[in-house]
Amino acid sequence: MHASADPLLHVVLVAPEIPPNTGTTARLCAATETRLHLVGPLGFSLADRHLRRAGLDYWPQVDVEIHTDWANFRRQHPRARLYLFSARAERPYTSVAYRSGDFLVFGGETCGLAPELLARHANRTYTIPMAGQSVRSLNLANAAAIVLYEALRQLGRA
């Protein structure tokens with residue numbers, strides 16, 4: 001898959017479970033020239049037809065890195081400036097001053113990010129505020145799009 005030398009931003013999906021969400025996020029990353037990191041365990045095969053369908057014919061343009069697990073991801077990117085997003089966080093995603101090279105980290109659809117990971121990065125954990133009390137969280141692909149476009153807006157690229 002396509003790899004750019006130095007992407008402006010990175011989207012990291014940790015243990016995604018639903019192929020269409022990952023495919024839609026891949027398409028978003030292709031459209032914005034953002035590197036996509038898929039961190040295992042993945043809840044599907046990368047050959048899944050639903051994953052491919054959601055990404056349409058854009059997969060050759062997706063700059064993607066596959067990591068077996070979080071430890072592998074951190075070994076490959078030890079100096080990554082991480083921002084984690086969780087429905088359990090308090091500070092809004094709009095309070096971040098995004099910079100070039102930032103890594104925007106999202107958890108899987110049913111469990112989100114692990115509590116110990118959120119605790120370890122509590123000073124860099126944010127949420128997308130929701131007025132409705134009956135909704136627990138937003139769709140993973142929608143959340144990634146909201147945060148990514150705010151970061152791009154701040155960087156003058158939206």
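How many residues of strand E2 (residues 35-39) are buried? Select E2: five of its five residues are buried, so the strand is mostly covered. Buried means under 20% relative accessible area, exposed over 50%, and partly exposed in between (1.4 Å probe, protein chains only). Helices (H or I, at least four residues) and strands (E, at least two) are DSSP runs, numbered from the N terminus.

This is a predicted model: local features need pLDDT of at least 70, side-chain atom pairs count only at pLDDT 80 or more, and totals for chains, interfaces and linings use all residues. Residues are numbered from 1 along each chain as its sequence is written, and side-chain values use heavy atoms, with hydrogens and water left out.

**Stop 1**

Show the E2 side chains. Arg-35, His-37 and Val-39 point one way, and Leu-36 and Leu-38 the other. In a regular strand the side chains alternate between the two faces of the sheet.

E1 and E2 run parallel, joined by five bridges. Val-14 stands opposite Val-39 in E2. From E1 the chain crosses through H1 to E2, a right-handed β-α-β crossover. Right-handed means that, with the strands pointing away from the viewer, the path from the first strand over the helix to the second runs clockwise.

Leu-38 stands opposite Ile-66 in E3.

**Stop 2: helix H5**

Select residues 140-154. The buried residues of H5 include Leu-140, Ala-144, Val-147 and Leu-148. Among the elements covering the buried residues are strand E1 (10-14), helix H1 (19-32), strand E4 (82-85) and strand E5 (103-107).

Go to the N-terminal end. Asn-139 caps H5, with a side-chain oxygen 2.8 Å from the backbone nitrogen of Ala-141. After H5 comes Gly-156, whose phi is positive, near 75°.

**Stop 3: Arg-81**

Select Arg-81, in the loop between helix H3 (70-76) and E4. Its side chain makes a polar contact with the side chain of Asp-102 (2.4 Å). A polar contact is a pair of N or O atoms within 3.5 Å; within protein, one must be able to donate a hydrogen and the other to accept it, and residues adjacent in sequence count only if both atoms are side-chain atoms. A polar atom of the Arg-81 side chain also lies 2.8 Å from the backbone oxygen of Ser-100.

Definitions and conventions. Contact = heavy atoms within 4.5 Å. Pairing = 2+ DSSP bridges.
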